[in-house]
Amino acid sequence: MSAFADVVFRGGAVHTIDAVRRRATAVAVRDGRIVAVGHDPDVRDLIGPRTDVIDLAGRALVPGFQDAHVHPALAGMTLIRCDLSEARDADATFALIRAYAADRPDEEWITGGGWNMEAFTGGTPSRQQLDALVSDRPAFLINADGHGAWVNTRALELAGLDRHTPDPADGRIEREPDGTPQGTLHEGAAALVGDLVPGLDAADGLRALLAGQARMHSVGVTSWQDAMVGSAHPGLDPLEAYLTAARSGQLTARVVGALWWERDRGAEQLERLLELRASSTVGRFTATSVKIMQDGVAENFTAALNEPYFDGCGCHTGNSGLSFVDPAELREHVTLLDAHGFQVHVHAVGDRAAREALNGFAQALATNGPGDRRHHIAHLQVVHPDDIPRFAALGVSANLQPLWAAHEAQMDELTIPFLGDERAAWQYPFGDLLRSGATLAAGSDWPVSAPDPMWGIHTAVNRVLPAFAEPSDTIFLPEQRIDLTAALAAYTVGTAYVNHRDHDTGTIETGKLADLVVLDRDPYAASPTEIAEARVLATFVEGKAVYTGEGL
């Protein structure tokens with residue numbers, strides 16, 4: 001075996017994100033692993049006639065980014081269907097739908113999504129608006145946050161929904177004054193139509209996954225946790241696509257699949273989850289986590305709160321949101337899953353949902369004793385101050401989506417007025433969680449928000465959106481800002497820890513896998529307000545380039 005390196009990076013700022021946050025200028029890679037970390041003279045003797053020497057030219061090398069909560073296959077499905085994610089207002093959304101439908105006259109259903117709630121009054125576009133664009137066949141378009149769908153009259157008719165149809169236990173049908181479905185379906189109500197939508201065939205499912213993976217690699221992401229696999233909704237389940245890609249070698253990322261907990265079922269689904277875990281370890285893919293969705297989102301008033309929402313006039317309503325799983329049953333389910341060696345990944349947006357999840361982890365710890373499950377709670381929009389210390393005490397990681405922690409239309413128009421001043425000040429408490437000793441992981445929830453980690457890091461540090469995203473001039477809860485190193489760590493070693501991959505990824509250290517990212521600048525060398533301007537020039541997995549952009 002040659003003593004020379006396969007690849008050497010030199011002449012730049014190497015941010016190792018190791019325990020002592022060591023800085024270096026050079027890294028050498030052989031057989032997919034890092035064999036040296038130091039300065040340029042330290043790697044000189046490792047350069048042979050076949051070594052690929054990459055001159056960083058003062059630019060930065062960081063560990064491969066890792067996303068703790070994301071849906072790349074679902075995002076890829078949107079990319080190959082009616083993609084509305086770039087439309088910022090209603091007219092632009094209408095134009096994209098009209099053009100898509102006209103270009104595909106033979107498609108049985110018009111599907112896709114990514115529409116922004118803030119583009120429509122109250123965040124609820126109507127069936128009549130969609131009918132004006134496509135009325136000859138059903139349309140089903142998922143919104144940007146994935147918690148609702150916009151449907152036309154034809155889709156409602158096919159599903160048999162009318163003013164007599166009751167709301168499902170885990171969702172709500174937006175209604176016209178006489179009770180007729182208005183066209184927006186929230187949470188579980190979306191499935192009343194969504195279950196009729198033809199799923200992707202195997203070829204399109206794989207194509208969607210690979211499109212999502214390519215986008216993730218282009219922003220430097222080398223590993224992630226997919227927050228919904230093994231779902232009962234075949235049109236949305238990427239599990240087979242992952243397994244196909246893993247078997248063929250087309251899956252170049254490292255992925256943990258979070259198996260979907262069907263919230264209308266109970267402990268009887270354990271056997272299915274055990275079977276899926278056993279059969280779904282292939283190549284770079286494993287399915288060792290279980291995702292429980294405990295509530296919805298604040299914008300449609302389904303996030304579970306300890307106290308009721310306010311109405312537009314500042315008065316308490318009778319609605320405190322939805323706990324999708326009964327809290328007592330949740331404690332039992334979490335304890336059961338923990339006992340069988342599953343990591344539990346909980347979606348919790350409201351303060352009641354976060355508390356219910358923490359109570360479940362507390363019972364699991366008391367019943368089963370300590371283990372190495374590395375449970376985590378995602379989103380954490382509203383967290384009661386009393387619950388902040390419980391994350392560190394219970395060993396539960398805080399899984400953050402930083403791009404949401406800023407003033408923008410959805411926050412200022414659809415959220416803050418209905419939470420009230422006190423609860424609005426409890427939103428996305430990154431700083432408090434960090435100071436309390438909690439382990440921070442980070443992700444994007446793409447396609448809910450953009451997958452670029454540098455944008456998320458920028459927002460975590462500044463609590464304003466990047467300049468090109470038209471941010472507010474007002475810093476969103478400035479006391480909850482975290483520093484650049486803490487934000488980088490959340491997107492690298494923090495998520496590696498959650499995914500049980502911190503032993504061989506997440507930092508730049510000798511012996512670890514060479515999952516690395518070249519940035520076009522050193523983010524520490526400029527103003528924090530410029531962090532989001534950094535661009536990925538190249539992404540490497542085990543020392544092999546999986547993305548190369550311009551400029552390297």
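At 16% relative accessibility, L477 counts as buried, since buried means under 20% relative accessible area, exposed over 50% and partly exposed in between, with a 1.4 Å probe and protein chains only. L477 sits in the loop between α17 and α18. Its phi is positive, about 50 degrees, although L477 is not a glycine. Most residues other than glycine have a negative phi, and most peptide bonds are trans.

The model is a predicted one, in which local features need pLDDT of at least 70, side-chain atom pairs count only at pLDDT 80 or more, and totals for chains, interfaces and linings use all residues. Residues are numbered from 1 along each chain as its sequence is written, and side-chain values use heavy atoms, with hydrogens and water left out.

I17 is another residue other than glycine with a positive phi, near 55 degrees. I17 belongs to the loop between β2 (13–15) and β3 (23–24). Helices (H or I, at least four residues) and strands (E, at least two) are DSSP runs, numbered from the N terminus. With a relative accessible area of 4%, I17 is buried.

## A cis peptide bond

Between W446 and P447 the peptide bond is cis, with omega near 20 degrees. P447 is in the loop between β21 (440–442) and α17 (453–462).

## Helix α18

Helix α18 covers residues 484–498. Its 15 residues should span 21 Å at 1.5 Å a residue, and the end C-alpha atoms are 20 Å apart, which agrees. The expected span is 1.5 Å times one less than the number of residues. There is also a kink of about 50 degrees in α18, centred on A490; the bend at a residue is the angle between axes fitted to the seven residues ending there and the seven starting there.

Twelve of the 15 residues of α18 are buried, so the helix is mostly covered. Among these buried residues are L484, Y491, T492 and V498, as well as A490. At the N-terminal end, D483 caps α18, with a side-chain oxygen 3.1 Å from the backbone nitrogen of T485. After the helix comes H500, whose phi is positive, near 55 degrees.

## Helix α11

Helix α11 (residues 351–368) has 18 residues. From first C-alpha to last, α11 reaches 26 Å, close to the 26 Å expected at 1.5 Å a residue. The buried residues of α11 include D351, R352, E356, L358 and F361.

What do the buried residues of α11 pack against? They pack against α10 (327–339), β18, β19 (376–379), α12 (388–394) and α15 (421–424). G369 follows α11 and has a positive phi, near 80 degrees.

## H345 in strand β18

H345 is part of strand β18 (residues 343–348). At 0% relative accessibility, H345 counts as buried. Its side chain is joined to that of H69 by a polar contact of 2.8 Å. A polar contact is a pair of N or O atoms within 3.5 Å; within protein, one must be able to donate a hydrogen and the other to accept it, and residues adjacent in sequence count only if both atoms are side-chain atoms.

Leaving aside neighbours within four places in sequence, H345 is in contact with residues including H69, Q225, K291, H376 and N399. Contact means heavy atoms within 4.5 Å.

## Aromatic rings

How many aromatic pairs does a search of the whole structure find? The search finds eleven. Rings of Phe, Tyr and Trp (its six-membered ring) pair if their centres lie within 6.5 Å; planes under 30 degrees apart count as stacked, over 60 as edge-to-face and the rest as tilted. The rings of F9 and F540 have centres 5.1 Å apart and planes at 85 degrees, so this pair is edge-to-face. F9 in strand β1 (residues 7–10) and F540 in strand β23 (residues 536–541) are 531 residues apart, and the pair links these distant parts of the chain. Both F9 and F540 are buried.

For F94 and F120, the ring centres are 6.1 Å apart and the planes are at 50 degrees, so the pair is tilted. F94 is in helix α3 (residues 90–103), while F120 is in the loop between β10 (110–115) and α4 (127–131), 26 residues apart. Both F94 and F120 are buried. Ring pairs link F94, W115, F120 and W150 into a cluster.

## Charges over rings

The charged end of R23 sits over the ring of Y524, 4.4 Å from its centre. R277 lies over the face of F342, at 4.0 Å from the ring centre. A charge sits over a ring if NZ of Lys or CZ of Arg is within 6 Å of the ring centre and within 35 degrees of the ring normal.
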